[in-house]
Amino acid sequence: MSDQELALLLDQIPEALHASVKELIHDGQFLFADDTSLLLHYALTETQDFTEIADSNFDISNKILQNRHLFASFHSFCQLLKSKDLAYSRISRVLCHILLDIKKQDMLLPNDTCPLDAKELAPYLRILGFSDNGRPLLKQIKKTELFL
């Protein structure tokens, strides 16, 4: 990992973790997306249809199938598949789901057990930002433990 790449990574995490992350990288214990490339390549060659993969659809499945012969690494494949209507982050997520064999069915909850009465619920929540008005809502979510 170059110094520039390390600086970009460290900009994304709390300063308190910088020393630990540097040590893990130095010791070769830090996992990057490209470290999974061989496993992902195997998964891509063993499957003929990715429509049942979580967060995937017919178009993404076809795009993966049509380009998998060009696979070189996780990152380069994401770059290859990225387009105006398909973001790098979504492609990366789908490839992770392929690697981990997470199907759409795995993301479904029965209606009677789903507290939000939704048919589909992601097992994780990513908060991009909120204002002071959102603070009470986050407090309520933490109390009910819907997403924890």
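**Pocket lining, aromatic pairing and backbone features**

Helix α1 (residues 3-10) contributes the most to the lining of the largest pocket, supplying three residues, where helices are DSSP runs of H or I with at least four residues and strands are DSSP runs of E with at least two, numbered from the N terminus. The model is predicted, and local features accordingly require pLDDT of at least 70 and side-chain atom pairs pLDDT 80 or more, whereas totals for chains, interfaces and linings use all residues. Residues are numbered from 1 along each chain as its sequence is written, and side-chain values use heavy atoms, with hydrogens and water left out.

The largest pocket holds about 380 Å³ of space, a pocket being an open set of points on a 1 Å grid over the protein atoms alone, where a 1.4 Å probe fits, with protein on both sides within 12 Å along at least five of seven lines, and lining residues having an atom within 4 Å of a point. Its lining is formed by M1, E5, L8, L9, Q12, I13, F30, F32, A33, D34, H75 and Y88. By class, this lining comprises eight nonpolar, two polar and two charged residues, with Ala, Val, Leu, Ile, Met, Phe, Trp, Tyr, Cys and Pro counted as nonpolar, Asp, Glu, Lys and Arg as charged, and the others, Gly among them, as polar.

A search of the whole structure identifies one aromatic pair. The ring centres of F71 and F77 lie 5.3 Å apart and the ring planes stand at 65 degrees, so the pair is edge-to-face, given that rings pair if their centres lie within 6.5 Å and that planes under 30 degrees apart count as stacked, over 60 as edge-to-face and the rest as tilted. Both F71 and F77 are buried, where buried denotes under 20% relative accessible area, exposed over 50% and partly exposed in between, with a 1.4 Å probe and protein chains only.

Positive phi values occur at two aspartates: D55, not a glycine, has a phi of about 70 degrees, and D101, likewise a residue other than glycine, has a phi near 55 degrees. D55 is located in the loop between α3 (37-46) and α4 (58-67) and is partly exposed, with a relative accessible area of 28%. D101 is located in the loop between α6 (88-100) and α7 (135-144) and is also partly exposed, at a relative accessible area of 45%.

Overall, the protein chain contains seven helices and zero strands, and buried residues account for 26% of its 148 residues.

Definitions and conventions. Rings of Phe, Tyr and Trp (its six-membered ring) pair if their centres lie within 6.5 Å; planes under 30 degrees apart count as stacked, over 60 as edge-to-face and the rest as tilted. Grid points are joined across faces, edges and corners, and a volume is the space filled by probe spheres set on the points.
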